[in-house]
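Open the model in your viewer and show it as a cartoon. The stops below go from selection to selection.

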Number of protein chains: 2
Amino acid sequence: MKKLINAPDAVVDEALDGMAAAHPGLIKVVRNPNYVIRADAPVRGKVAVISGGGSGHEPMHGGFVGRGMLDAACPGAVFTSPTPDQMLEATKAVDGGAGVLHIVKNYTGDVMNFEMAADLAKAEGIDVESVVINDDVAVKDSTWTAGRRGVATTVLAEKICGAAAEAGRKLADVTALCRKVNDNGRTMGMALTACTVPHAGKPSFTLAEDEMEIGIGIHGEPGRQRVKIEPADRIVEMLMTPVIEDLPFKAGDDVLLFVNGMGGTPLVELYVLYRKAHEIAEKHGLRVVRNLVGSYITSLEMAGTSITLLKMDADMVSLWDAPVVTPALRWGA
Amino acid sequence: MKKLINAPDAVVDEALDGMAAAHPGLIKVVRNPNYVIRADAPVRGKVAVISGGGSGHEPMHGGFVGRGMLDAACPGAVFTSPTPDQMLEATKAVDGGAGVLHIVKNYTGDVMNFEMAADLAKAEGIDVESVVINDDVAVKDSTWTAGRRGVATTVLAEKICGAAAEAGRKLADVTALCRKVNDNGRTMGMALTACTVPHAGKPSFTLAEDEMEIGIGIHGEPGRQRVKIEPADRIVEMLMTPVIEDLPFKAGDDVLLFVNGMGGTPLVELYVLYRKAHEIAEKHGLRVVRNLVGSYITSLEMAGTSITLLKMDADMVSLWDAPVVTPALRWGA
């Protein structure tokens, strides 16, 4: 196992220390239980937006904490759900009196632990709503998931709902907006290589030198098919077609096109993929009004990509454009 | 070779098409010869700042074109210098009458071709200055380099000099500032794995499963030593010590600390490294007044890191903080 770490047990804690040292003006790291929180939290009168999940998907979620996006993020161990007490303490810490939205990726452990935290927080008088993201069109059920997995639309939901909360919208409105983003977002991913969870010390699966996995999950969960490697343009078609057909996206739709790297894929390849994805979108009559290209929801050092389409209305575009100041996404301020 | 590409010959052109499609408001891509240029170039009366070099180091340099940073970037083939005509045409296209600064990484081909382009541009009446970046403390001479290699300080020089040009400073001042950034920046890198140039189809060197290369160049050039893998903290010491001793950086110095990923290194590992690098800097009495953590000057999918320290004065800090709007670096606007 070749990794720039000290010990498998220490990776998450030490990375959080690094984040705290690198971004003191934006975030604070709280310990035992662990969470990343906006430096100025709680913001009085503002709806707070929280997410969390296993580590190993950086910058998601801790890198999205800051003004205009998340109020807090709860990192579990690598590929392991955060505990209910992490979510509960983070919820209490960010509550500014206007309630808290939990954005949850659809994995059994996450859903269960976030629900428990929400119940405990409600018992303490905090208004909590939850939205489960399940945008992955690849498979119906999967390892650790009943129903579809929650993947890259989560990043878009966090940005858009964070902006809505920052603009002073009420909890019910931010929650409805989050459901709408989830309803209008679809993703599919693929991998060229596996990744190695530090504790495991060996790759979680194996792909032959000429193979790829289409429909991979962000923890290396099996996808739709393991096939011979194809040229990039063909791979993009294999991801875009099921995504477009699923909603379905129709001619005239305004969309955000998000080409995401899985962690070990160089940016030059992501732009090769973006070129074809944009072309296919336009060929279907979609108007690509916004885009995002980069490694934002990753699977450690996995080489691969996911492609997300989000159907947007003018409100969502304007919330996407609103200022955001986080370690990983920053513009407009 | 597992890559998300169509054909080795097409990678650079298709990635440029992808960039053009993704960032129409910021950049334009010009063809034959190829360069990336600010959408609003030439900016009348402003000094223009240009860089370039082999592709495979993305987002450097094309991702740094935009307001407050580069006016143009000339991408060569992967790990291959751009040609003089690329540099010449880009120079002519960005010249707004106040002259053009060429920021050149110290590789023999780059230096030679940029010099030729500068001479040709001067012959056409354009005021051109050049600064060669040579910040890599690892080795004196190397494959393709006489003297020290130019590496990650280039990113910092492009940001700081781009801001100075945007602020209306004159060519002589922007040039002197670029020399100052180079004089005050030091870098050393390492790799856990090699990378594969698409045309070659196989890794440019081999490292055993328990080996790493300390002092690696951004094209996989040999470094100082090939040794057994060590824990992350020890690796950071092996990079930070020669960097600190070289300038030397002294107690009380204000520094920017840049922990860069080589392309295949996940962000969670970069934060583990940043934690220790920040600690070592503080132990030496350095004040880390600014930082940058991410993969900004890469070597395709190489797993590894480089650490850069830049001694800053108040002017450099203020130029660092100035607004920048490029595909890869964006803040303050």
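Contact here means heavy atoms within 4.5 Å. Keep in mind that this is a predicted model.

**Stop one: a helix on strands.** Select helix 8 of chain B, residues 314–321. Helix 8 lies across strand 10 (254–261), strand 11 and strand 12 (304–311) of chain B. Against strand 11 of chain B, the helix runs at about 35°.

**Stop two: the open sheet.** Now colour the six strands of chain B in the order 9-8-7-12-10-11. They form an open sheet with mixed pairing. Which strands stand at the edges? Strand 9 (225–228) and strand 11 (287–294) of chain B do. Each has a single partner strand, so one side of each is left without a neighbour in the sheet. On average, neighbouring strands of this sheet are turned by 20° against each other, direction ignored.

**Stop three: an antiparallel pair.** Stay in this sheet and select strand 7 (residues 185–191) and strand 8 (residues 211–214) of chain B. The two pair in the antiparallel sense over two bridges. Show side chains for B:Met190 and, opposite in strand 8 of chain B, B:Ile214.

**Stop four: strand 3.** Move to residues 48–55 of chain B. Is strand 3 of chain B buried or exposed? Eight of its eight residues are buried, so the strand is largely enclosed by the rest of the structure.

Strand 5 (residues 100–105) of chain B pairs with strand 3 of chain B in the parallel sense, over four bridges. There, B:Val49 stands opposite B:Leu101. Strand 4 (residues 72–78) of chain B also pairs with strand 3 of chain B in the parallel sense, over five bridges. B:Gly52 stands opposite B:Cys74 in strand 4 of chain B.

Key: Residues numbered from 1 in each chain as written. Chains lettered and ligands numbered in written order. Predicted model: local features only at pLDDT ≥ 70, side-chain atom pairs only at ≥ 80, totals over all residues. Heavy atoms only, no water. Pairing = 2+ DSSP bridges. Axes fitted to C-alpha atoms, helices over the stretch in contact; angles between N-to-C directions. Buried < 20%, exposed > 50% of the residue type's maximum accessible area, 1.4 Å probe, protein only.
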